[in-house]
Amino acid sequence: MSTDCEAWLNANPVGAADPSDSFPSGDEESTLTRNVDNEVNGNWIAAPTGTIQEARLKAKVKRRLRKNSSRDSGRGDSLSDNGEVVRTAVPPTSPKGKLLNRRSRMGKGRGLPKKGGAGGKGVWGTPGVVYDEDKVDFKDPNYDAEQENCVYETVVLPLDEETFEKTVTPIVQEYFEHGDANEVAELLAEINLGDMRGDVPMLAVSLALEAKASHRELTSQLLSELCGRVLVTTDVEASFHKLLKDLPDLVLDTPGAPQMLGQFIARAVADNILLKGFIDGYKGRVDCDYARAALDRAAVLLRMSRWNGLRIDNLWGSGGGQRPVNQLIKEVTLLLKEYLLSGDSLEAERCLRELEVPHFHHEFVYEAIIMVLESKGDRTLQMILQLLKSLCASTVITVDQLRRGFERVYLDMADISIDVPCASALLEKFVEQSFNAGVINKKLRDLCPCRGRKRFISEGDGGRLKIETYGV
């Protein structure tokens, strides 16, 4: 092979090539002839060393430039005529700038943004484009003229028994806190109760039996509000039928369930959400003693309202936070008067708890001290002192409420002394005994205002008595 190459070279001598003429700008025939002279059957033949080395360097530099074109697109690298890489003074772009750059990184194209700036993640078209509603293509083979007037609605499946309790129970318990029956009605209207709609009154009454009297009053108001919006009379009647059947189980948790259920029935009849013939329909057909007691209680209350004018609409009373202040003050005053007559501190404690106004106990302390100052007797003082000590020991009255009650009396002593001239002396005596009994602390005792005293001896007159002034 080498012998053939030497023979061919002798027949076709090649002169030394100028490095600058590696890729001349002449005609195509001279370029093709030069390339053929240096290569035979895909193999390089012997050529001047300078020419081969220059070609290799140029090819290597071109490959490296093509490889790094996308990565170093921000730099101005170029290739000079002598094969050297020329770098311009353009600084490299930061990674963040590369991510925000929408130009193609493939080293191709004119450097314009892809898809005219409408491509990429999170892009909804080119800037300034306003999308209109899609027009119906009547020539579309999938077009159906009957779908033009279709109305699509979300279908909510009806609740089953297990899902019903998990969904409605939190709504009723939250209602006991805010007392907004309208909100409960709106929430229940959004739920597909289905066949479980008649169990709403039953669930509400069952939860109210274990709650406070104010919650039972809220439950009666809720049933009256829901009837006509979410419930009908037949739903309320079916719920009370189930409650009467379940009374033996309800009594296990709430011993007074028969009397309470009877009050619920009487209140429902008075609110016109239960038919008056509901109680008469059970006459002679009741075998359960608890159900009979509940129906008898309802019948008695309805007769009392008809004959004696009993207000069934206020059967449970109202919650402490919903009653006016004047009414609370009257109830506190009656509670203290009954205690002074009976002397039963446990009954007074129970009545105070039933008021459900722990934030208003300072009024109880205030009224109790006023009774001591107006009575002018030692018996009232000792009984009130014993009651306050018992209530503080059982934490029914907190330290803060006790302090606020005493401080209110201290501030009103100027007005109280007008009606009770000896109020200052009685207050000092009561405060001192309360401190000795451990009802109040030393700081609260020291806040008690001292009564003013008349000075019979003038310090500026040399100790001379003012007989003509005070008649001593």
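**Close-up views**

**View A. A salt bridge joins Asp446 and Lys442, with their closest N and O atoms 3.0 Å apart.** A salt bridge is counted where a side-chain nitrogen of Lys or Arg lies within 4 Å of a carboxyl oxygen of Asp or Glu. The model is predicted, with local features needing pLDDT of at least 70 and side-chain atom pairs pLDDT 80 or more, while totals for chains, interfaces and linings use all residues. Residues are numbered from 1 along each chain as its sequence is written, and side-chain values use heavy atoms, leaving out hydrogens and water. Helix α21 (residues 442-446) holds both Asp446 and Lys442, which are four residues apart, about one turn of the helix. Helices (DSSP H or I, at least four residues) and strands (E, at least two) are numbered from the N terminus. Asp446 is partly exposed, at 45% relative accessible area, and Lys442 is partly exposed too, at 47%.

**View B. Arg408 and Glu363 form a salt bridge between two helices.** The N to O distance of this side-chain pair is 2.7 Å. The pair links distant parts of the chain, 45 residues apart: Arg408 belongs to helix α18 (residues 399-411) and Glu363 to helix α16. Helix α16 spans residues 361-375. Glu363 is buried, with 4% relative accessible area, whereas Arg408 is partly exposed, at 26%. Leaving aside residues up to four places away in sequence, Glu363 touches Ile329, Val332 and Arg408. A contact means heavy atoms within 4.5 Å.

**View C. Val332 is a buried residue of helix α14.** This helix covers residues 325-342. The relative accessible area of Val332 is 2%. Apart from residues up to four places away in sequence, Val332 touches Leu355, Glu363, Phe364 and Glu367. Ala348 lies 16 residues from Val332 along the chain, and the C-alpha atoms of the two are separated by 10.0 Å.

**View D. Arg229 and Glu225 meet in a salt bridge.** Their side chains have an N to O distance of 3.0 Å. Arg229 is partly exposed, at 43% relative accessibility, and Glu225 is partly exposed, at 32%. The count of salt bridges in the model comes to 17.

**View E. A patch of negative charge lies on the surface.** Its residues are Glu174, Glu177, Asp180, Glu183, Glu186 and Glu190. Patch residues have over 30% relative accessible area and no salt bridge; like charges are joined within 9 Å, and nonpolar side chains (Val, Leu, Ile, Met, Phe, Trp, Tyr) within 5 Å. Helices α5 (161-178) and α6 (181-189) each supply at least two residues of this patch. Glu190 sits in the loop between α6 and α7 (200-209). Glu190 is exposed, with a relative accessible area of 62%. Asp and Glu count as negative, Lys and Arg as positive; His and the chain ends are not counted. Each charge is placed at NZ of Lys, CZ of Arg, CG of Asp or CD of Glu.

**View F. Trp124, Val129 and Tyr131 form a nonpolar patch on the surface.** Together these residues have about 430 Å² of accessible area, computed by the Shrake-Rupley method with a 1.4 Å probe, where for residues only the protein chains shown count as cover. Tyr131 is in the loop between α4 (95-100) and α5. Tyr131 is exposed, at 57% relative accessible area.

**View G. Asn272 has a positive phi although it is not a glycine.** The angle is about 65 degrees. Asn272 is in the loop between α11 (257-270) and α12 (277-280), and it is exposed, with a relative accessible area of 62%.

**View H. Thr395, not a glycine, also has a positive phi.** Here the value is about 60 degrees. Thr395 is in the loop between α17 (378-393) and α18. At 59% relative accessibility, Thr395 is exposed.

**Setting of the views.** The protein has 22 helices and four strands. Of its 472 residues, 32% are buried. Among contacts with a separation of 6 or more, 63% join residues 24 or more positions apart. The protein exposes about 31200 Å², with carbon and sulfur atoms supplying 52% of it.

Key: Buried means under 20% relative accessible area, exposed over 50%, partly exposed in between (1.4 Å probe, protein chains only).
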